[in-house]
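Have the sequence and the model open side by side for this one.

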Amino acid sequence: MEDVCEGKDFSFPSQEEQILSWWDEISAFQTQLDRTENCKEYVFYDGPPFATGLPHYGHILAGTIKDVVTRYQSMTGHHVTRRFGWDCHGLPVEHEIDQKLGIKSKRDVIENGIANYNEECRGIVQRYVAEWEKTVVRMGRWIDFKNDYKTMDLKYMESVWWGFAQLYEKKLVYKGFKVTPYSIGCKTPLSNFEANLNYKEVSDPEIMVAFPVVDDADGASFVAWTTTPWTLPSNLALCVNAGFMYVKVRNKFNGKVFVVAESRLSELPIEKAAKKSAVDGGKVKNVDMYEVLDKFSGASLVGKKYVPLFDYFKDHSGFAFKVVADSYVTDGSGTGIVHCAPAFGEDDYRVCLDNGVISKEKGKELVVAVDDDGCFTDRIVEFRGMKVKKAKEADKDIDKDIIQAVKEKGRLVKSGSFTHSYPYCYRSDSPLIYRAVPSWFVAVEKIKQQLLENTEKTEWVPKFVKEKRFHNWLENARDWAVSRSRFWGTPLPVWTDEAGDEVVVVDSIEKLEKLSGEKVADLHRHKIDHITIPSKRGGGVLKRVEDVFDCWFESGSMPYAHMHYPFENVELFENNFPGDFVAEGLDQTRGWFYTLMVLSTALFGKPAFKNLICNGLVLAEDGKKMSKRLKNYPPPSKVINEYGADALRLYLINSPVVRAEPLRFKKEGVYGVVKDVFLPWYNAYRFLVQNAKRLEVEGLAPFTPLDQSVLQNSSNVLDQWINSATQSLVHFVRGEMGGYRLYTVVPRLVEFLNDLTNTYVRFNRKRLKGRTGEEDCRVALSTLYYVLLTACKAMAPFTPFFTEVLYKNLRKASGGLEESVHFCSFPEVEGRRDERIEESVKRMRTIIDLARNIRERHNKPLKTPLKEMAIVHPDPDFLDDIASKLREYVLEELNVKSLVPCNDTLKYTTLRAEPDFGVLGKRLGRSMGEVTKAVKAMSTDDILAFEEAGEITINTHVLKLGDVKISREFKPPGNAKAEEVDAKGDGDVLVVLDLRSDESLYEAGVAREIVNRVQKLRKKAALEPTEMVEVFFRSLDEDETTCREILDSQDAYIRGAIGSSLLPHSLLPSHAVVLAEESYHGISSLSFAITLVRPALVLNSDGVAALFDGNAKLVQGLLAYLLMRDHHSLKAEFQHGKGKTNVGCIEDLPPVTVVLGEHVFLTVGDYISSKGCL
């Protein structure tokens, strides 16, 4: 393995760029596909985005989820074809061209030429493809852009035609009028799910209008309520509820007679005259103001005629302007009478059709008096050409003009305004209206039950999206209007005669060419609108209907259309449908997920997919929608360039957004992933590499990981634990990834990395540094090596760059490993799992955290040694582990001298019971006092018996566990005071810490202080952890006895902590290179100085003199030569020569053999050791 830099010098973005280049060099993605070509196919459907805008965090999130799953499936032995797709047709493209060309109406498009318009659309469709590819690739996602699919491709469009033709044959397609959401801004109808994408709080008028009853003896008027005054010119009926009671009332002040629902009488206005007549501050109510003349059922009103408000539809008088009844009329608002304009309301249309107000008969056809541009037609004489809704601020508010007209006719009963949520076009941001349009429909309602059944066959993550949101949507599914009166889209393959009686639905290019005799190379409108088909009935020619498909129909066709099924890939499609996996955002519940399910059910009787992951929305930090205009979020490229794609990936998929909840994006959160996950992970890896390289520096055999079968038999408890934890991790990840639960997998992976760095590496530093012997060091290094290798493979789908960086270096230590981590198989569960030791180590970490908390509470830093701690827990196995295998780790980490296990939970606690007054108060009433007294008097034995039995009877009252609050309070042992002994628990284990001072611990405390100063000085000198230095100590006190005694008694601890003994400053060689030096005063009442130096040679002058028979000149020449040599090289020579080196290269000096330990010592420490003392 190669040396690696410090974490602070490791640039994650830069390393990722290098990995991207390397992937290109070895064609990594294609290589992975080639290597898995003969494996089982795993089918992934990638929902097509529009390329008319730049990718945002929502796209990055969905792309990351898709990449994680498909990488995992590739590593578990599947062949995963991944083709990027583009949604090329529809409103997003047309809207941009309308703005570019200043298009105001359909007429503008036709006058300019559909061909010109469509080619303009084609020209911008792939405007941002390069930016998309750059972002997607930079995020580490492996997907094929060269072999992408586009919904505007000829083959794709042909498959869409085939799908529609199949639906037509199955009688699931029909033509009809339907009142649908309509965008004035985009001049097109929208689907119901599109209409739900953009709601706003707005203020709208609400008015009551009088409709005089024909031939009523009292001159009564029906009073109808509406919030859409612009629909009043198209009124054709009034609707009541047959089950409601209605009243005819006379206003006592002005004599006007009205008919309203009895329950809504209070909504009629109070006249000003009535208000003035209120006496003594009394308040006049409607019931006081109106005299009831008659009462009757809603059913009795059906068929009554009324005088229309306007005469624009006087030609309908014979069958319109009458009262009808339907249950959609409620008494929750309004007057209980609804005005019906069948061209502008779903219920209005249905009710009028059912009651013969409109029909297909000549003269009774529905008249839509608002054109495609949202303006009144010539039929509405007074308001013709005016927009019915303000699309922009400059537009006139037609509602005000109509209300004024109603008022002038004397028909305005009451007016006001109210605030409510109103749908806006998600593209043009203009208000929607409901408008009847002729359309081609897919009869979704016919297959509703099958849709629900197929949905049950699919697995959704999270489940509630399927069980609640999607299920409810399907339950209320309406027939789907799939045609759009637009230009840039896949044309409907429908040719009809002028009357619409003869219909031909074309299912292929071949069929169109055969029927028309024309060659077809493009299916867009401007290429085929001129094509006619001879009538089989001899009635001239059939022409194509003008409409194009809703782009959702095209994207919903993706599973078969992107493969050009059934014209190609028949076996591939049919053997692998439904697909295995899809993933998109929550907004696609009523979009792509829905259209996929509808078309797959209608065409194939199956769901389109087996598994689905639905993510939530990524919002700005302030909780608002991300907005380019507001600039309330950092650009993705900036975050990636600063922290790296892996950090952004992990931040996104380790957040609530993967559970379909919203995420408030915070740049600091991405940095937190780098700081809390990647840097500790990198430092663990770096620690391995440094200590593996140290073996070579020390002249030992290069590091080669030991066989894993050997490591499985390690006697070290932490080796056993990390090996078991690794197998448990693999077992867990495989199970959860099989269930597509990324939201459980990522936290577990992050937790494992935390355990690895903060427990295994931290507690094993001595072993990994070789201070417990070479053999033990190699076992620990090998264990860490394999754990890191496994972690790389397990994390590869989630963090593809960083794992590749680590893996490329790790593989150099072992033979036979794959070239890339992404070519590896996902880890299998191998070796033993020991749940007991995993649980014990988990509790050990809890114990350490609890003890640290006690120390902090009492201002007892870890440097201060404590005498004793007790661990209280009822599990004897755990107590055995903590008192034996794990004991030394706990004591060293917490700086405590002894550990006492205890399974008697009452030794350190007292039990106290008191009734839950909130639960028992009402139930016991007057008996509460005596029960309270008895409960508080319960002894420890009484409480324990109650807990075991689950109930207790007090004064004939049976109390359950939920009726009584039982608290456990810490009880200091013996005569100890509360400030001398403290405890903390987590509901499972209790830690008791003796905080009393003990003189016998003084020396240990000083030693820990000295070690702490040495470590800080090393850091100050910017030394690597593996960099060897010698540490010299000098007492600055007049009496050095105390320091000397402490160093002697604590030598073993100091040597274990810093790797060597402290050396007397008096032995510091004059030629030594000083790296750092610092003095300390008042440390546990002591003052001292510490000096760090490079290892320096110590020469045995007498031994060297013997080599030259005392010739001083020759002795000085050899000494000078040895001191000028590089220390590392000289050490290597002695190791190679087994403690000897021949010196024969010095002029005028006879060749001699210098013996290590006789003539020279490599360090002062070696010299002192040879003397047997410090």
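The report below goes through these topics one at a time.

## Before you start

This is a predicted model, in which local features need pLDDT of at least 70 and side-chain atom pairs count only at pLDDT 80 or more, while totals for chains, interfaces and linings use all residues. Residues are numbered from 1 along each chain as its sequence is written, and side-chain values use heavy atoms, with hydrogens and water left out.

## A parallel sheet and its helix

Let us begin with an open sheet of three strands, ordered β17-β26-β25, whose pairing is parallel. Its edge strands, β17 (459-461) and β25 (579-585), each pair on one side only. From one strand to the next, the twist averages 15 degrees. Helices (H or I, at least four residues) and strands (E, at least two) are DSSP runs, numbered from the N terminus, and two strands pair if DSSP finds at least two bridges between them.

Six bridges link β25 with β26 (residues 609-615) in the parallel sense. Among the bridge partners are Gly-585 and Asn-615, the latter in β26. Helix α21 (residues 592-604) lies across β17, β25 and β26, and runs at about 150 degrees to β25. Here, axes are lines fitted to C-alpha atoms, for helices over the stretch in contact, and angles run from 0 to 180 degrees between N-to-C directions.

β39 runs antiparallel to β40 (residues 1086-1093), and seven bridges join the two. Ile-1083 is opposite Leu-1086 in β40.

After α37 comes Ala-1022, with a positive phi near 60 degrees.

## Two helices packed together

Helices α29 (residues 774-795) and α30 (residues 800-810) pack at an angle of about 140 degrees, and their axes are 9 Å apart. Which residues of α29 meet α30? They are Tyr-785, Leu-788, Leu-789, Cys-792 and Met-795, and they meet Thr-803, Leu-806, Tyr-807 and Leu-810. Contact means heavy atoms within 4.5 Å.

## Buried residues

Is Asp-67 buried or exposed? Asp-67, found in helix α3 (residues 57-75), is buried, with a relative accessible area of 1%. Buried means under 20% relative accessible area, exposed over 50%, and partly exposed in between (1.4 Å probe, protein chains only). Leaving aside neighbours within four places in sequence, Asp-67 is in contact with Gly-140, Arg-141, Trp-142 and Arg-649.

Arg-649 is one of the buried residues of α23. Nine of the nine residues of this helix (645-653) are buried, so α23 is largely enclosed by the rest of the structure.

## Cysteines

A search of the whole structure finds zero disulfides, a disulfide being a pair of cysteine sulfur atoms within 2.5 Å.
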